[in-house]
Amino acid sequence: DPQFGYPGTAGFVVASDGVVVVNTTNSPFHARELLYEIRQRTDLPVVYVLNTDAEPDEMLGNEVFVDQDATIISSSLAQAAMRRYRDNLARRLEQDENWRLRGRMRGIHPTLPSQVFDEEMSLRLENEEIRIRCVADGGTWGDAVVYLPTQKVLFLGRLFANGYFPRLASVDVRRWIEVLRDLESWDVDLYVP
């Protein structure tokens with residue numbers, strides 16, 4: 001989608017019995033690159049995909065991991081926003097008179113999460129606990145963070161972008177700062193922007 005040409009940060013966690021992907025970037029092409037990087041490190045199955053928000057630059061690669069039989073998870077707010085994006089994209093494609101959008105979006109199928117949570121969800125792979133927690137208050141994109149308490153790693157999704165001020169649109173900037181301050185108080189050694 002030309003409106004989301006910047007690929008968001010994606011990451012993955014290799015546990016002893018499977019892989020968890022955090023965000024899938026802005027296209028199936030980039031998601032396949034992510035899958036390639038995973039396969040360079042392990043042949044374990046991709047068990048879960050965690051979408052930290054609904055922005056297309058973080059989730060348009062979801063379809064690649066459906067083919068891997070992964071369960072895609074997001075907050076219920078993010079899933080609803082993804083559904084709105086998908087429906088709006090269909091309208092934009094119909095109105096695309098010069099076929100530019102259709103050409104760029106050919107073969108891309110916005111794929112919604114198959115499982116949602118409202119506040120917090122905990123997943124356990126054999127040797128790793130993974131918590132996904134919604135930090136949205138209804139005025140955001142369904143933002144969530146992914147926390148690995150044993151490793152002391154926190155994936156921030158679009159809440160923090162290294163080197164520039166993120167697009168906040170109509171989000172309450174004071175609330176955004178409060179969320180970041182709260183996250184600073186967690187027992188974390190590594191923040192992944």
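How many residues does helix α6 have, and what span should they have at 1.5 Å a residue? Helix α6 (residues 173-184) has 12 residues, which should span 16 Å, and its end C-alpha atoms are 17 Å apart, which agrees. The expected span of a helix is 1.5 Å times one less than its number of residues.

The model is predicted, and local features need pLDDT of at least 70, side-chain atom pairs count only at pLDDT 80 or more, and totals for chains, interfaces and linings use all residues. Residues are numbered from 1 along each chain as its sequence is written, and side-chain values use heavy atoms, with hydrogens and water left out.

**Figure 1. Overview of the protein chain, with 6 helices and 10 strands.** Helices (H or I, at least four residues) and strands (E, at least two) are DSSP runs, numbered from the N terminus. Of the 193 residues in the protein chain, 51% are buried. Buried means under 20% relative accessible area, exposed over 50%, and partly exposed in between (1.4 Å probe, protein chains only). The chain exposes about 10,000 Å², of which carbon and sulfur atoms supply 46%. Accessible areas come from the Shrake-Rupley method with a 1.4 Å probe; for residues, only the protein chains shown count as cover. Among contacts with a separation of 6 or more, 62% are between residues 24 or more positions apart. Contact means heavy atoms within 4.5 Å.

**Figure 2. Helix α6 and its cover.** W176, V179, L180 and L183 of α6 are buried. They cover an arc of only 95° around the axis, which puts them on the same side of α6. The arc is that of the directions from the helix axis to the C-beta atoms. Cover for these buried residues includes β8, β9 and β10 (190-192). Exposed residues R174, R181 and E184 sit on the face of α6 turned away from its buried side.

**Figure 3. Helix α1 and its buried face.** The 14 residues of α1 (residues 28-41) should span 20 Å at 1.5 Å a residue, and the end C-alpha atoms are 20 Å apart, which agrees. Its buried residues are P28, A31, L34, L35 and I38. Seen down the axis of α1, these residues fall within an arc of 110°, so they line one face of the helix. They are covered by elements including β1 (11-15), β2 (18-22), β3 (46-50) and α3 (62-66).

**Figure 4. Helix α4, residues 76-94.** This helix has 19 residues and reaches 28 Å from its first C-alpha to its last, close to the 27 Å expected at 1.5 Å a residue. A78, Q79, A81, M82, Y85, L89 and R92 are the buried residues of α4. Viewed down the axis of α4, they fall within an arc of 160°, so they line one face of the helix. R84 and E94, on the other side of α4, are exposed. The cover over the buried residues includes α2 (56-59), β4, α5 and β5.

**Figure 5. The largest nonpolar core, with 20 residues.** A nonpolar core is a set of buried Ala, Val, Leu, Ile, Met, Phe, Trp, Tyr and Cys residues joined through side-chain atoms within 4.5 Å. L50, V146 and F155 touch the most other members of this core. At least two residues of the core come from each of β1, β2, β3, β6 (120-125), β7 (128-134), β8 (144-148) and β9 (153-155). Leaving aside residues up to four places away in sequence, F155 touches G11, V13, V22, V145, V146, L148 and V192.

**Figure 6. T111 in the loop between α5 (100-105) and β5 (115-117).** T111 counts as buried because its relative accessibility is 16%. The side chain of T111 reaches the backbone oxygen of H109 at 2.8 Å. Not counting residues up to four places away in sequence, T111 touches N62, E63, V66 and I72. Q79 lies 32 residues from T111 along the chain, and their C-alpha atoms are separated by 9.8 Å.

Figure 7. Most residues other than glycine have a negative phi. K152 is found in the loop between β8 and β9 and counts as partly exposed at 27% relative accessibility.

How values were computed. A polar contact is a pair of N or O atoms within 3.5 Å; within protein, one must be able to donate a hydrogen and the other to accept it, and residues adjacent in sequence count only if both atoms are side-chain atoms.
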